[in-house]
Amino acid sequence: MDRLTPVPALGAGTQTIGSVTIAENSGVALASVAARRGQSDACGKVLKSILGDVPAVGKAILHDPEAGFWMGPDQWMIGAPMASHEDIADQLKASFGDAASITEQSGAWVVFDVTGAKMPDMCEILCNVPIRKMVAGDVQRTMIHQLGCFVIRRAADDHIRILGPRASAGTLHHALVTAAKSVA
Amino acid sequence: MRYSAFRVIKEALTGHKGWKPAWRDPVPAAQYDIVVVGGGGHGLATAHYLAKEFGQARVAVIEKGWIGGGNVGRNTTIIRSNYLLDGNEPFYEFSLKLWENLEQDLNYNAMVSQRGILNLIHSDGQRDAFTRRGNAMILNGADADILSTEDIKKRYPFLNTDDARFPIKGGLAQHRGGTVRHDAVAWGYARSADSHGVDIIQNCEVTGFRIEDGVCKGVETTRGFIGAKKVGCAVAGNSSRLMALANMRLPMESHVLQAFVSEGLKPVLPGVITFGAGHFYCSQSDKGGLVFGGDLDGYNSYAQRGNLPAVEDVCEGAMAIFPMLGRARLLRMWGGIMDMSMDGSPIIDKTHIDGLYFNGGWCYGGFKATPASGFAFAHLLAKDEPHPTATAYRFDRFEKGRMIDEKGMGNQPNLH
Amino acid sequence: MKQKSMTQTNRIAGGQVDRSTTLKFSFDGKQYAGHDGDTLASALLANGVRLMGRSFKYHRPRGPLTAGSEEPNALVQLRIGARQEPNTRATTAELFDGLTATSQNRLGSLSFDLLAINDRLSNFLTAGFYYKTFMWPKAFWEKVYEPIIRNAAGLGSLSLHDDPDVYEKGFLHCDLLIIGAGPAGLMAALTAGRSGADVILADEDFRMGGRLNAETFAIGDASGADWAAATVAELTSMPNVRLLPRTTVIGAFDHGIYGAVERISDHLATPAPDKPRQILWRIYTQKTVLAAGAIERPIAFENNDRPGIMTASALRTYANRFGVAVDQRNAIFTNNDDGHRTATDLHAKGVKVTVIDTRTDAPKSQDYEVLAGAQVVNTMGRLGLTFAQVRLQGGSERTIECSALGTSGGWNPNVHMTCHQRGRPTWNADLAAFVPNDLPYGMTVAGAAMGDLSTAGALAGGAKAAQTALGLTTPLPTIPDAEDAPVNITPFWYVAGSNRAWVDQQNDVTVKDVKLSHQEGFRSVEHLKRYTTLGMATDQGKTANMGGLAIMAELAGKTIPEVGTTIFRPPYTPVAIGAFAGRHRGQDFHPKRLTPTHNWAAEQGAVFVEVGNWMRAQWFPRAGETTWRESVDREVMATRGSVGVCDVTTLGKVDVQGADAATFLNKIYCNGFAKLPVGKVRYGLMLREDGIAMDDGTAARLAEDHFVVTTTTANALPVYRHMEFVRQCLVPDMDVQLISTTESWAQYAVAGPNARRVLEKIVDQDISNDAFPFMACADITVCGGLRARLFRISFSGELAYEIAVPTAYGDALIRRIMQAGAEFDITPYGTEALGVMRIEKGHAAGNELNGTTSAQNLGMGRMVSTKKDSIGAVLSRREGLNTDDDLRQVGIKPVDPADKTPAGAHLMAADGPVDAAHDQGYVTSACYSPTLGHHIALAFLKDGVNRIGEQMRLVSPLTGVDVAVEICSAHFVDPEGVRLRG
Amino acid sequence: MIINHPLLGPRDSAEFTYMGDARLMDRPDPDAPDAAAAFYDYAYLRDNPAGWHRELWFHEAGDRSWLVVTRNTVTHEISAVELASDVARAQGRT
């Protein structure tokens, strides 16, 4: 039987508004990792083996191919290229064994990469993160237009990645675009 | 002194020299039959009815600050009886009937204005719930009317019916609902109670109850001990603080509710309107200010002020249904302490201490209840039995599982 | 000195307007010209226009009282059409080319207002008069009196058109917020900025500098205005300093959060495309320096409200900053030395000035006449001041011709923001003013706002405040030399014997009203305010409150602080409601949540409905169907007859994992879960701790240590929050991990006798009834290996499955299902058909789980296990929840099959009275059952279990329904559940 | 308001959902003979102090932690913020 073909959350592609570029990134596979009771250390070891280190509170490790960030106490999100990690949850289950509960998250999020000189101005009217003080690898969960999102400061100074609820991809994208126009 | 048009004219022509203080400033007596603690709307109404309807001559109201300084002077002035449950609807309808005759009863124009109240409907589930409620109102002898979107548009042509995130699918109206000039309610009750012999004692804070062998003998105050055969407490948001002096813990929390008024504007809103898919309700005062509010800030507070998120939430609701309000300016915001009960309904009951009575838990619905609350509390204080419309407002309903939960939010006060 | 021009007859030399530009504008239809840098008020005054508005109650002619945001009088309607903006202060409205303004609160023209009759009747319309009359006849209040009052009241008018502009909201973070860019604020910013701290400097004016722009003093070697401009330039060059001109800080909220409104486009004819009109900033700061300056207060005297009478400092501002003299003959009425400063400045500009000083020891002048120990006792001029009547020290009177009269009663430190957290200012007798006392968290006050009224004091105070706030140990910047005059004031509030002397000009509160308030016992500041409306106008009494307090104090024989303190609430100045709403209006009011089939459903022409923030397909109309019922009936019949498919992704899903997952579910569900085998689903009822049903759903055990819990769509978030509460707060050591996965999976119900035959074509494993019986669940694959989940559960009562795939594949899956089902005429169905089928099966949903229903009400009382503890179990046993006449869920059918049984209708005994006392219950959910061919309903009925078969009356007086119904089982279709097990 | 999250540092209270008195963590023993009375007290009666109040906040738009915040209900000053799970364990809950 023919395999099913995935569709991007929105299919918004890439837009440049003034100096800001907003790109939907549908190539990220995601799964969350929650340490089982008493397994924080064991869990940390596996995280270290995958990411190079355990993401600290409010931090991401922008590792390749897997990257990860802290979501909550004893809980992390791991992301990797969809092309190689479509079954990321199974891969992680194999790595973590009984040390952690793994939950597939690929379908839960829409991912936007926002870059450009005016990115910080745009952030200021979108969400309550101290964007000008964030450095590469800082992550903050925040509200954008009432939507719970993760904002990740990527390596480049003018680059943030926003993970938002996939069902509201349209609303989130609209908020990003209007904010970009507003600061353009 | 009776107020009348004749009197106003006469005083105008004689230099306004004849006006007397609206109430006396008496020295507290050593002993009263009934002391009402709390010179807010409910306390003053209680005193008025005790004196006028129940023949109680020796009554005092004691107030820690100035009368009318609490929620009766910090609300959005709405009156209505659009309740659902048996425990509530007859009481609020009784209250509405008292409002309808208030001015003649008090000889004071509190500007009771039955401009109507409209609750907008945005979903089928909401329509079902409002239909049930409207029927309950009618079955209790109140008025209710279900309006179509077209009816509503005629009345509010600038409502957002074209581009609404949550389209308006109709509304439940109570045409007898409306607004009242809030301060005038406190002053009118105070003036009338005073004229019937009630001592209104301001700047007199209760510091304790004198309880001997399980019987309350009076109150200790900043102006000395005041003896009373019965003490009735009606202090709204401060209920827990006051009753703690009698070692009582109450089924309630105090929360901040903010309200707002715009700059004065020429008339735009004919009645009270309530958004059903957000937190916003609004009316326009006779002075032209849009008076509006929404939801609680959500946390326990005695601070009488709130924070921005609640302000924004309310204004978002305003813009959702009335996008023409964008350029109207919000003039002032204020916060009141709401005595949020565990089921969203009030308590008018005796306590376990003889001679100590309690009235509170009005949540943010206390203003409209003022006349009936005063009447029912006076009834209880005078006769030691609940008024027929207030029999459900008992302390023990939580222990017994007989909650009166209009909103169905359970034992979390900030959700009511 | 006067520069003659065609229209700007009052324009004089100097000031900071840009004379190289000419901006045309109109007021009440008449064309004028002004310059860049003007406000509407300064431009009108330049053009010789003093009359700008009418007062609230008496419709008295009014001109500007001030040159700032505290203005009570000069309120206009700015702009036309949908952008019409009532009550705009002409004193702060920045002039732009093409500006259109009209006067407001008048009947007729501004110079001939018919409602000025109220002024003649003022003796009848005293404070509180309306409480004493209009009571007879009773019906007349609403029908006659009130409409008249309402139409006369109010100020400007809204356009009644949707606001065409957009508003933005944002967040800023800093170490130090400085409010006010006068000498104190600028010096604070310089100090903090040079230290490297992150600084925000906000000022409501379009030109930073505060009073420095309106004064003639030097700072060091430069003029004050030049020093301000140079300082602003230095601050602009600092990357760590953010300057926010045109930004009013509106409120001090908890823990260092400030609201501020930046006016991005109000000085433009229209905002640039896609740009906001205003931005509401939420500023998060560690520390704050309040340098909001001071406001000069007027003195009350008879007829002190005529156009041309303003504060002395306003006259000075118009002259020094805007190059405008209000005609050539001015007078100053003062009780302090600052009034003389105005006189000096005006004199220097060539204006003839007379100073009336209440003090017998008033300073003398070579340049202008000083009448010491004199008072202004009355004024003349119908639409603008022409003469002032002065009583000289000896008691004789003299008339002074003047077109402008500046009053100077002393300066009130601008304590507004210090009161926002209920701080009370304290009385300073030297200044005869309130000064800040209890300060909000992290706030320091500097300059005139603190009572340091000299420029030198402000500069030093600003630097010190920044140093203190930030704990700087670095040396302070050099404080330049500046004037350091002491405050010399002899308090004087109102001229004795005056009655029609305005205290609150906008609300028309006079000395007489304050006296009456006192006479009638309204003596506390709160009573005074409420009885007279003193301080309740759009200016919040910034120029009025002190006068009222002082008069009351004198009448009561008390000191001013004994009467009360003036207290202010946010916002500092009124804020457009649109700014508080930001983008959240229209379709953007709330986010939209779209299901994975949304695009596909839209292609099918589905009608969508809002369910919370979700948009769900309500039904799928087909060609020829003219009513929604036709579509829904078809969807139901097709599903029951063959197979239907419905997107149920919106149901909440919570992933529950861990060794203690089953124990945990046992705690949150009232029924048992510990023994649920792997591969099975069970219905679960969740109670709140008060024993009332919270939510229901299913829990599927995918592994020994892994469940997937579903919730209703509406309760997804509260249930998840509740589960986290139980996990973290009540059972912290259980090995259980929760995560919401609602949006991770696209989930569809495939229901109907052919459901299996459709799914067999899609799933990669055996799903025969034996291999995958009713209530089975499994992790499976579909379409050749895609991970998926399958649940054999049924809401419709048919043979049914719910199948889930990762959301990205949802679109493909629905298309595949439709393809696979084509041979069975598979029919997509929406929420309406879903609702009909669940009512036909008697399943409770949101209308039944309304937060007041117990398990008993739902007929599930026995589900509440007594063998284990669960949330809500104990309190569900209370007597009030277990009475004999408890409401029970039943079914309803009409006796006459043609009748409807609508939701919200109430049940009455067939032969009893119809009233609340005899209410027996109510209908929760109703529908037309195409399966049965008549309407059916679910209801809660007292003692319902024992009343099956009873005939009752169903009434809905609200909607005109009164029908005979029969009580029946709620399981209308296939009560034995044969189909779903098939 | 700003809640100084023990892990994340200062966060706006708008990110949180409020529940009420932290006493709600002290769920009574359902098997005790006075369980009915104890649960009534637990579920319904509150000290509701004007002053310091220990209360539960859920970091809904954040890390999903329940926090115990000690806050003054008159001034809104916050003196302590703890992870509710730590508090629960310290109180001996398992």
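User: How do helix α15 and helix α20 of chain C pack, and at what angle?

Analyst: In this predicted model, helix α15 (residues 628-641) and helix α20 (residues 831-841) of chain C pack at an angle of about 60°, with their axes 9 Å apart. Axes are lines fitted to C-alpha atoms, for helices over the stretch in contact, and angles run from 0 to 180 degrees between N-to-C directions. Helices (H or I, at least four residues) and strands (E, at least two) are DSSP runs, numbered from the N terminus.

User: What does that make α15(C) relative to α20(C)?

Analyst: That angle makes α15(C) oblique to α20(C). Angles under 35 degrees count as roughly parallel, over 145 as roughly antiparallel, 65 to 115 as roughly perpendicular, and the rest as oblique.

User: Which residues make the contact?

Analyst: From α15(C) come C:Trp628, C:Val632, C:Glu635, C:Val636 and C:Thr639, and from α20(C) come C:Glu832, C:Ala833, C:Val836 and C:Met837. Two residues are in contact if their C-beta atoms, placed from the backbone, lie within 7 Å. They divide into six nonpolar, one polar and two charged. Ala, Val, Leu, Ile, Met, Phe, Trp, Tyr, Cys and Pro count as nonpolar, Asp, Glu, Lys and Arg as charged, and the others, Gly among them, as polar.

User: Good to know. How are the residues and chains labelled?

Analyst: Residues are numbered from 1 along each chain as its sequence is written, while chains are lettered from A and ligands numbered from 1 in the order in which they are written. As this is a predicted model, local features need pLDDT of at least 70 and side-chain atom pairs count only at pLDDT 80 or more, while totals for chains, interfaces and linings use all residues.

User: New topic: how many residues of chain C are in contact with chain B?

Analyst: There are 92 on chain C, in contact with 85 residues of chain B. On the chain C side, α3(C) gives the most, with five residues. That side divides into 34 nonpolar, 33 polar and 25 charged residues.

User: Which strand of chain B pairs with β31(C)?

Analyst: Strand β16 (residues 329-341) of chain B does, in the antiparallel sense over two bridges. Strands pair if DSSP finds at least two bridges between them. B:Arg329 stands opposite C:Ala576 there.

User: And chain A: why is β8(A) largely enclosed?

Analyst: Five of the seven residues of strand β8 (residues 109-115) are buried, so the rest of the structure largely encloses it. Buried means 20 or more other C-beta atoms within 10 Å of a residue's own, exposed 12 or fewer, partly exposed in between, with C-beta atoms placed from the backbone.
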